[in-house]
Amino acid sequence: MKISMSKAPRASSKSKAMAVFSRLVRRTAIIVGALALVSCAAPRFPAPPVGPVPAPSATPTLPVPSDSAGSTRPGDSASLQGVLVQGKSRWVPVPWADLPGFEGDNLFEAWNAWLKSCERPGPVFAPLCAEVRRLSIASASEQRAWMMSRLQPYRVESLQGAAEGLLTSYYEPVLKASRRPGNGYSVPLYLAPTSLVARKPWFTRQEIETLPEAQAALRGREIAWLADPIDAMSLHIQGSGRLAINESDGEQRTVRVAFAGSNEQPFRSIVQWLAEQGQGRMSAPWTESVKAWAAQNPQRLPQLLWSNPRYIFFREEKLSELDAAFGPRGAQGVPLTPGRSIAVDRQSIPYGTPVWLASRGAAVDLQKLVIAQDTGSAIVGAVRADYFAGTGFDAGLLASRVNQPLRLWVLWPR
């Protein structure tokens, strides 16, 4: 086929071109019209909702990634107008002005706990740890300004929207002990038995104290001996403590016994058991109240103790001068900081998360920064925390009195 090289087409060529163009236009119009009819007949996807966030029951559950500890990461989950769903809780974004007492907290006290978390950070907070360390010598105003620039506060609620929960407290008891039984020391603390299997029930407390096969499994695994079974129960409930121990050579020193496992039996409150027996409410501290009851009812003491089938096993740890300034290691694997560490439900708040805590009650008024570093079998739910009060008698007195309303805000990286 030859191609014309003339600069101007002939008149007949123009006419033919115009006719072809006209036919193409008409066909295009027909196709567009047909497509429009199809689109009108087909169902449309609904537009994204505008207005209030739907109730949690109407919110679809979406899978979210997990961090190395197995907890979900809200930063990667589906967001409904800024609301994040985290396990048993939902997080609602709020302005910093909503945090009661934020301008007045001594943040440097909490920085010690935060630095401890940075020894074993999760993937979400690890990128901030270099800045956290650098700010450990900064002023409170500088720390506050950094937090406001790098973190977003979220009010913690249950999936049903309840923003108020329960605060309790725990502590590290200091108890007198002996390396050998005798002279009034008759209650053993045990290492975990070799037959113990994680997450499988072992003998109950009553069986441990009465069955020959259970006693045989624990023979030779005594760490130390206490004088009072109520003190031993307190140590089992707290999960760790310090022993002012008389050694076999007559020397006295202080060691720490830390949680090393349990018999995986359910926990039952002995104070609740006493209430069910018609003994009324125990006055604080509960250990002294229970000891007074036991002195009046010695024949019922085994029944009281056996009402809690859960049993704790320990491991002994050396206590350096630096270790003595902190509490035992929590579930995050870092030492707890008195007044700045809390135990949480890890299905609601991941370990290592900075949390703003507000609680007002007869025992104490708290508005402060704390770090989620521990958990407990009774710490279950979205707005639920156990406040680490510290070590010794005064801390135990405070811990025994705290049972009051709670509000929480997690501080999550932007």
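Me: Which residue lies over the face of Phe326?
Reply: That's Lys116, at 4.4 Å from the ring centre. Keep in mind that this is a predicted model.

Me: Thanks! And what lies over the face of Phe102?
Reply: There you'll find Arg144, and the distance to the ring centre is 5.5 Å.

Me: Which residues do ring pairs link into a cluster?
Reply: Trp91, Phe125, Tyr154 and Trp412 are joined that way.

Me: Switching to helices, which residues of α9 are buried?
Reply: In α9, residues 286-296, the buried ones are Trp286, Thr287, Ser289, Val290, Trp293 and Ala294. Looking down the axis of α9, they fall within an arc of 160°, so they line one face of the helix.

Me: And what does the face turned away from the buried side carry?
Reply: That face of α9 has the exposed residues Ala295 and Gln296.

Me: What do the buried residues of α9 pack against?
Reply: Four helices: α7 (229-238), α8 (270-276), α10 (301-306) and α12 (393-401).

Me: I spotted Pro229 in my viewer. Which helix does it lie in?
Reply: Pro229 is part of α7. This proline is partly exposed, with a relative accessible area of 23%.

Me: Leaving aside neighbours within four places in sequence, what is Pro229 in contact with?
Reply: Its contacts are Val187, Leu301 and Leu305. Pro229 and Leu301 are 72 residues apart along the chain, and their C-alpha atoms are separated by 9.1 Å.

Me: Zooming out, what does the secondary structure come to?
Reply: The protein has 12 helices and 16 strands. Of its 414 residues, 43% are buried.

Me: What share of the contacts with a separation of 6 or more comes from residues 24 or more positions apart?
Reply: Those account for 77%.

Me: Last one: how much accessible surface is there?
Reply: About 22,200 Å², and 56% of that belongs to carbon and sulfur atoms.

Terms used. Residues numbered from 1 in each chain as written. Predicted model: local features only at pLDDT ≥ 70, side-chain atom pairs only at ≥ 80, totals over all residues. Heavy atoms only, no water. Helix = DSSP H or I, 4+ residues; strand = E, 2+ residues; numbered from the N terminus. Buried < 20%, exposed > 50% of the residue type's maximum accessible area, 1.4 Å probe, protein only. Contact = heavy atoms within 4.5 Å. Areas by Shrake-Rupley, 256 points an atom, 1.4 Å probe, with all protein chains shown as cover. Arc of directions from axis to C-beta. Phe/Tyr/Trp six-rings, centres within 6.5 Å; stacked < 30°, edge-to-face > 60°. Lys NZ or Arg CZ within 6 Å of the ring centre and 35° of its normal.
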